[in-house]
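Please look over the sequence and the model below before reading the notes that follow.

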Amino acid sequence: MDSEHVARARPHGPAAADLTGFRVAHRAILADIERLAGLLAALAAAAEPAEPARAQAIAGYVHRDDDVVRGHHREDEILWPVVLDALPDAAGAVAGIVRFVADHQAFDALRSGPDAVADRSAAEPGCQAGRLAALLADQRDLLAARIGAGEKVSVAFAG
């Protein structure tokens, strides 16, 4: 067993939670939305719209990206119980965790915008690329801020 991945015992109780997998998933999600927003910004700036097949493929990728982000929000069910189990007194952490769960729900509500615009862009290549790029850039910024804040909280609680 690799000693880097063994959770160290905490002086006050259970072993610290290993959050490496969540951090890797966060980096992948942020990298994907960054590339997607950049691609759409380049398409919006181009003189020629995307070919219909490419516009369809991009719309499909936007939908898959949304699915990944929504699926990743399962961390509410997986991560936070592990973090709470690692705390000697979890009562103080609950309010912060509830806020992150609510943020995930609010963020999910914003994801329908890019889905709808991606569908329109696929139907009429070129006319929605700028709008979709702006929506994805806004979501990238919001997601980066939420991931950063969530990781700080989880590290502070889990050790």
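Residues are numbered from 1 along each chain as its sequence is written, and side-chain values use heavy atoms, with hydrogens and water left out. The protein has six helices and two strands, where helices (H or I, at least four residues) and strands (E, at least two) are DSSP runs numbered from the N terminus.

**Overall fold and surface**

- Read from the N terminus, the elements follow the order β-β-α-α-α-α-α-α.
- Of the 159 residues in the protein, 36% are buried, where buried means under 20% relative accessible area, exposed means over 50%, and partly exposed lies in between (1.4 Å probe, protein chains only).
- The protein has an accessible surface of about 8,700 Å², and 59% of this belongs to carbon and sulfur atoms; such areas come from the Shrake-Rupley method with a 1.4 Å probe, and for residues only the protein chains shown count as cover.
- Taking contacts (heavy atoms within 4.5 Å) between residues at least 6 apart in sequence, 78% join residues at least 24 apart.

**Confidence**

- The average pLDDT of the protein is 77, and 73% of the residues score at least 70; pLDDT is the predictor's confidence in each residue, from 0 to 100.
- Over residues 1–10 the pLDDT is below 50, although this stretch has 13 contacts in the model beyond near neighbours in sequence.
- Where pLDDT is low, the predicted coordinates should not be read in detail.

- Helix H1 has 26 residues and reaches 38 Å from its first C-alpha to its last, close to the 38 Å expected at 1.5 Å a residue; the expected span is 1.5 Å times one less than the number of residues.
- The buried residues of H1 are His 26, Ile 29, Leu 30, Ile 33, Leu 36, Ala 37, Leu 40 and Leu 43.
- Helix H5 (residues 112–123) has 12 residues that should span 16 Å at 1.5 Å a residue, and its end C-alpha atoms are 17 Å apart, which agrees.
- Among the buried residues of H5 are Pro 114, Val 117 and Ala 118, and these three are also in contact with Leu 132, as are Leu 40 and Val 62, when neighbours of Leu 132 within four places in sequence are left aside.
- The largest nonpolar core has 18 residues, and those with the most contacts inside it are Leu 40, Leu 43, Val 62, Leu 132 and Leu 136; a nonpolar core is a set of buried Ala, Val, Leu, Ile, Met, Phe, Trp, Tyr and Cys residues joined through side-chain atoms within 4.5 Å.
- The elements that give two or more residues to this core are H1, H2, H5 and H6.

**Salt bridges**

- The structure holds three salt bridges, each being a side-chain nitrogen of Lys or Arg within 4 Å of a carboxyl oxygen of Asp or Glu.
- Arg 35 and Asp 32 form a salt bridge at 2.3 Å, N to O, and both lie in helix H1 (residues 20–45), three residues apart, about one turn of the helix.
- Arg 35 is exposed, with a relative accessible area of 54%, whereas Asp 32 is partly exposed, at 21%.
- Glu 34 forms a salt bridge with Arg 140, with the closest N and O atoms 3.4 Å apart; this pair links distant parts of the chain, with Glu 34 in helix H1 and Arg 140 in helix H6 (residues 129–158), 106 residues apart.
- Arg 140 also forms a salt bridge with Asp 141, the closest N and O atoms being 3.1 Å apart, and salt bridges that share partners join Glu 34, Arg 140 and Asp 141 into one network.

**Two single residues**

- Arg 27 lies in helix H1 and is partly exposed at 43% relative accessibility; beyond its neighbours within four places in sequence, Arg 27 is in contact with Ile 147 and Glu 151.
- Arg 27 and Ile 147 are 120 residues apart in sequence, yet 9.2 Å apart in space, C-alpha to C-alpha.
- Asp 66 lies in helix H2 (residues 52–72) and is buried, with a relative accessible area of 0%; Asp 66 touches Arg 111 and Asp 115, not counting residues up to four places away in sequence.

Terms used: Predicted model: local features only at pLDDT ≥ 70, side-chain atom pairs only at ≥ 80, totals over all residues.
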